[in-house]
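Colleague: Could you walk me through how the parts of this model touch each other?

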Amino acid sequence: MNLFVKSAGFLTSVQDLGRTGYRQSGISISGALDSHALRVANALVGNDDSAAGLEATLGKLRLRFDDKRVVAWCGGAFSVRLGETDLPPGHAGVVAKGEELIMVAPEDGARAWLAISGGIDVPLVLGSRSTDLRGNFGGHQGRSLRNGDELPLGTREDPKERRFPNRRKGGDGGLESAAPWVSEWSAPAPWAVTAHPVCVLRFVRGPDWARFNEEAQTAIKGTPFTVTLDSDRMGVRLDGPDLPRQDSSDLLSEAVAPGTLQVPPNGKPILLLGDCQTIGGYPKIAHVITVDLPIAAQLWAGDPVRFQEISLAEAQALVREREEDFARFRVGISLRLE
Amino acid sequence: MRIEPLGDSALIVRVVDDFAADPEASLNAVLAALRSLEAAAIPGVTELAPAYSTVGVFFDVAEVARVAPESQPSEWIGAKIEDVLKDQPVEGDESIEPRLIEIPVCYDREFACDLDDVARVTGLHAAEVIERHSSAGYRVACVGFIAGFPFLSGLPSELATPRRAVPRKEVPAGSVGIGGGQTGVYPRTSPGGWNLIGRTPLSLFDVRQDPPAILQAGDRVRFRKISRQEFDAFSP
């Protein structure tokens with residue numbers, strides 16, 4: 001019923017869909033930076049959307065399980081093995097008692113989300129199991145994982161033997177081979193692997209768009225920016241063309257959110273992510289659309305990024321479309337799991 | 001009142017145009033708008049986030065689309081917000097009486113490592129700084145920066161002191177500081193650049209409580225000067 005962390009990797013934390021409802025107390029959303037990827041992985045192993053999983057950064061993760069579990073992952077172009085067997089992104093696989101899951105550094109992208117049947121059963125803090133890494137609460141002891149940690153897994157029905165056999169059938173269809181079972185079915189490829197070699201983030205105009213002059217409004221559309229080293233779960237920091245403002249007046253702090261592209265006085269924009277603070281006083285030139293936040297979650301130092309403007313109506317239509325597709329995907333998966 | 005999109009899943013409601021012209025009335029108006037929006041429970045709205053002159057309204061696009069499939073979600077939510085707030089008096093509802101929360105503060109030297117700097121910048125004696133800080137009435141303009149950190153408006157203008165040129169890596173929990181024209185309390189040990197003039201033994205933030213932050217936007221706050229003995233003996 002436990003998960004043993006043999007190697008915690010660069011930065012791995014327990015995350016679910018985030019902690020909503022506490023902005024008035026200044027509490028960040030936290031949660032999986034790509035909540036869609038976590039939902040897809042959860043669906044693949046038969047969990048509810050809101051089950052807690054792991055967010056791994058740059059891999060180097062090794063986990064051992066003390067009972068049989070179904071696992072699945074989505075995210076960057078990582079390579080994951082169950083023992084010696086490859087577990088491709090967006091597929092379900094079975095880890096038997098005592099077996100190891102190994103995730104190695106990605107060829108492309110930065111983060112991956114791993115779902116485990118039953119979910120990670122850390123206590124709910126303010127309605128969420130997400131780790132608030134800045135506030136040091138939630139998740140596993142309010143911190144990222146360390147080598148030697150032991151995490152409780154949720155109790156659930158044993159994975160159905162018929163649906164999730166321990167072993168793959170051998171070549172003659174009779175004898176069990178030594179390899180763990182991996183599903184033939186999978187999530188749609190764009191949901192399973194979210195790292196893109198050419199990164200274009202679509203945006204709608206931010207509340208302070210008009211405070212920037214024409215040079216900035218032109219530069220933000222199409223000129224490449226580069227992700228800088230000091231990026232983290234709070235935000236992707238960017239280096240690129242100057243983004244001059246019309247005025248230099250100080251603004252009162254107001255609500256910001258993951259996706260907000262704010263420009264501090266040094267002119268280097270910051271794209272806010274899940275751990276961002278709840279309010280901010282820097283002008284908000286643009287806001288990256290919800291369905292492109294998964295791409296933003298894969299950015300790492302040195303990556304090039306471009307921005308492309310779309311209308312608010314289009315941005316919202318894309319969210320609706322994705323949610324409808326996800327609902328159909330969930331139905332399809334549940335038919336396979338029943 | 002103006003309503004502007006913050007991305008595809010939120011709107012910012014600008015309740016008043018000029019906060020600085022009358023912070024007291026502005027906060028009343030924002031608090032009244034917040035209460036009305038809470039009571040209205042607009043379908044699809046997931047969260048409300050007040051700060052100074054605005055209320056951020058967060059919503060679930062897919063949920064709004066289920067409720068109003070023919071509408072564009074932000075236009076639909078925006079129209080609902082206008083409906084709720086259109087009858088609201090600009091200066092806020094007189095019947096809403098903000099809570100008053102008293103925060104005990106020990107201004108002893110040990111906790112007030114920047115008191116001399118504040119005295120020098122303001123041209124006041126240290127004792128006067130303490131006297132004026134602890135006798136003024138404040139309002140929580142917003143909570144943020146770090147979880148549970150209250151930005152208080154109402155600092156007597158003569159006490160305004162620029163933030164420290166180099167922020168401290170570690171400010172102890174409970175520290176009371178002045179940052180520009182505002183004052184605030186660090187709810188937990190964290191980095192910070194405000195000038196520290198005292199410390200409260202009161203815990204302002206606890207994730208085991210709901211809500212976890214004692215202070216919420218709109219609350220009235222007073223600081224009560226306490227001795228070192230009272231600080232040590234304090235139990236909430």
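Predicted model: local features only at pLDDT ≥ 70, side-chain atom pairs only at ≥ 80, totals over all residues.

Colleague: Thanks! How many residues of chain A are in contact with chain B?

Modeller: 38 residues of chain A are in contact with 47 of chain B, contact being heavy atoms within 4.5 Å.

Colleague: And what area do the two chains bury?

Modeller: About 3300 Å² between them, 58% of it on carbon and sulfur atoms. Buried area is the accessible area (1.4 Å probe) that two parts lose on being put together, summed over both. On the chain A side, Q24(A), Q316(A) and R320(A) supply 22% of the buried area, more than any other three residues.

Colleague: How many salt bridges are there across that interface?

Modeller: The rule finds two, taking a side-chain nitrogen of Lys or Arg within 4 Å of a carboxyl oxygen of Asp or Glu. E254(A) forms a salt bridge with R14(B), with the closest N and O atoms 2.7 Å apart.

Colleague: Which element gives the largest share of chain A's side?

Modeller: That is α5(A), with seven residues. Helices (H or I, at least four residues) and strands (E, at least two) are DSSP runs, numbered from the N terminus.

Colleague: Switching to chain B: what are its domains?

Modeller: Domain 1 covers 2-85 and domain 2 covers 100-233, with bounds from an automatic or database domain assignment. Their C-alpha centres lie 30 Å apart.

Colleague: How many residues do those domains have in contact?

Modeller: Nine residues of domain 1 of chain B are in contact with 10 of domain 2. The two domains bury about 730 Å² between them, 55% of it on carbon and sulfur atoms. In domain 1, E24(B), L27(B) and Y52(B) lose the most area to domain 2, together 63% of what that side buries.

Colleague: Which residue pairs with E24(B) in a salt bridge?

Modeller: R220(B) does, the closest N and O atoms being 2.9 Å apart.

Notes
Residues numbered from 1 in each chain as written. Chains lettered and ligands numbered in written order. Heavy atoms only, no water.
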